[in-house]
Amino acid sequence: MESVLKIEHMSKKFDDLIVLEDINLSIDKGEVVVIVGSSGCGKSTLLRCINGLEDIDEGQVLLDGETVNPGNRNLTKSREKIGMVFQSYDLFPHKTILENAILAPMKVQKRSRKDAVEEAMRLLDRVGLAERKDSYPRQLSGGQKQRVAIVRALMMDPEVLLFDEVTAALDPEMVREVLDVILDLAKQKRTMLIVTHEMSFAKAIADRILFLDDGRIIEDSDPKEFFTSPATERAKRFLRTFEYEK
Amino acid sequence: MDPEIIREYIPIFTQAFILTVKIGWIGIALAFLIGVLCAFTTYFKIPVAAAAVRCYVELFRNTPLLVQLFFIYYGLPAVGIRISAEVCGAIGLGLLGGSYMTESIRSGLEAIPVIQTESALSLGMTNGQLFRDVILPQAFTISVPGIVANVIFLLKETSVFSAISLMDLMFTAKDLIGLYYNTMESLFLLVIFYVIMLLPVSLAGTLIEKKVRYRMFGD
Ligand SMILES: Nc1ncnc2c1ncn2[C@@H]1O[C@H](COP(=O)(O)OP(=O)(O)OP(=O)(O)O)[C@@H](O)[C@H]1O
Ligand SMILES: [Mg+2]
């Protein structure tokens, strides 16, 4: 398989705090990789380093063999190809749903309005929000907003999609509608790197599970294997926190 | 109150009104320009300039307009720069207003959450596109109530122009009272003309606030 995203010996510090240490990772085209780990282990930071929202201290991130981080003089070009959806709703509140979707394609890719609107409507329809195109973000529920955020990222036709706990701030009944959209993307063979706390979702969607602990990838395994017999004691303990017994 | 006297005074007050409004709005335009420049300077943390802006803002926000006008009107000629009372009024108002506008616009810019910047950047937008299409329109929405309040405040501040011998509304009223003792009529017209000057601005301000706020906040 052809590797799209490659991370080599990446380390990241915040002042004296080592947040990521010697991260090595290669993601193939069409692969869905899920990152799990306890709070504060560095999952968000890992995603943010990939698209250059954070500088890194050592190593490098490559997209299609080209350096993204560090020291890319054409960072905006690389970011076009790396879509990201955040945990907190980050739609542009002064723009309608449709305008949110077409802003970057028109400004960044210089696509015509007609062309951008056509595609936006197709994608909004696919996530069941076509009829809300003229609403403002404040008029949408959390789950709807996240679906629009996914559409907005897809509009750039990115080679890799990064999801950072996109359902963590949602009411339980809205989680499903967002995860279904992401499952649909997996069926379309989108390359994705997903951080989530939804273990059953992770099990269902992942081609590969990475377990991040204290800034290091300590397991990189097949989902079945990871969830039934994790290799490390640390992962066993982590998985136990999702089980309830009386 | 003698209606005859009021009728007689109206043209005099109208002239003073026009002068006051003209200088007032030139000053406000200047204030807005200064405010935008200074707020951007602060927002982008431009070295040295940002510190200079800070000093300017604190100096002008914490001194009365009257004192500022005295400095410009009597101070500048002392160092050989001669300007008319009208120019002095507009500049004084512009400098005072600039310090207030800077704060209103800056606080709007700084109220935009970092996530907005990050999501725009992760869509591949340049810093310019991010600022123009994402930050600025949102910041403006937040700044509007402050800007409107400043405009009203500055229009009221025009009443100190009389201290530098500008034939504004205040000066005219004082003058007429001093000369003919028609106190009631003069005060009546003074109030009326100030209300005429300010009421439309207040109403328009409320309308604009509603309109721009609606999109983002829905109230
Ligand atoms: N801007 C920052 N400055 C300093 N420290 C930071 C910064 N951002 C994150 N950290 C620290 O880095 C570590 C990793 O944070 P990160 O947000 O990547 O964790 P996470 O795995 O995403 O956690 P969560 O599951 O709670 O989202 C934490 O200890 C956090 O406090
Ligand atoms: Mg996180």
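I started with B:Met184, which turns out exposed, at a relative accessible area of 54%. My cut-offs: exposed is over 50% relative accessible area, buried under 20%, partly exposed in between, with a 1.4 Å probe and protein chains only. B:Met184 sits in helix H8 of chain B, residues 183-217. Helices here are DSSP runs of H or I with at least four residues, strands are E runs of at least two, and both are numbered from the N terminus. I also checked B:Met184 against B:Ile6: they are 178 residues apart along the chain, and their C-alpha atoms are separated by 9.6 Å.

Housekeeping before going on. This is a predicted model, so noted: local features need pLDDT of at least 70, side-chain atom pairs count only at pLDDT 80 or more, and totals for chains, interfaces and linings use all residues. Residues are numbered from 1 along each chain as its sequence is written, chains are lettered from A and ligands numbered from 1 in the order in which they are written, and side-chain values use heavy atoms, with hydrogens and water left out.

**Chain B overall**

I counted eight helices and zero strands in chain B. Its C-alpha trace spans about 70 × 45 × 20 Å along the principal axes. Of the 219 residues in chain B, 45% are buried. I then looked at contacts (heavy atoms within 4.5 Å). Taking those between residues at least 6 apart in sequence, 78% join residues at least 24 apart. The accessible surface of chain B is about 10,900 Å², and carbon and sulfur atoms hold 72% of that; areas come from the Shrake-Rupley method with a 1.4 Å probe, and for residues only the protein chains shown count as cover.

**B:Asn150**

Next stop was B:Asn150 in helix H6 of chain B, residues 127-157. Buried or exposed? B:Asn150 is buried, with a relative accessible area of 8%. Beyond its neighbours within four places in sequence, I find B:Asn150 in contact with B:Tyr100, B:Met101 and B:Ser104.

**Two helices of chain A**

Helix H3 of chain A (residues 97-107) is mostly covered, with eight of its 11 residues buried. Among them are A:Ile97, A:Asn100 and A:Pro105. What covers the buried residues of H3(A) includes helices H4 (113-126) and H5 (142-154) of chain A, plus H6 of chain B.

In helix H9 of chain A (residues 233-240), I got A:Ala235, A:Phe238 and A:Leu239 as the buried residues. Seen down the axis of H9(A), they fall within an arc of 95°, so they line one face of the helix; the arc is that of the directions from the helix axis to the C-beta atoms. An α-helix has 3.6 residues a turn, so residues three or four places apart point the same way. The buried residues of H9(A) pack against S3, H7, S9, S10 and H8 of chain A.

**Ligand 1**

The shell includes A:Phe14, A:Lys43, A:Glu165 and A:His197. H1(A) gives the largest share, three residues.

For polar contacts I used pairs of N or O atoms within 3.5 Å; within protein, one must be able to donate a hydrogen and the other to accept it, and residues adjacent in sequence count only if both atoms are side-chain atoms. A polar backbone atom of A:Gly40 is 2.8 Å from an oxygen atom of ligand 1.

Methods:
A residue is near a molecule or strand if one of its heavy atoms lies within 4 Å of it.
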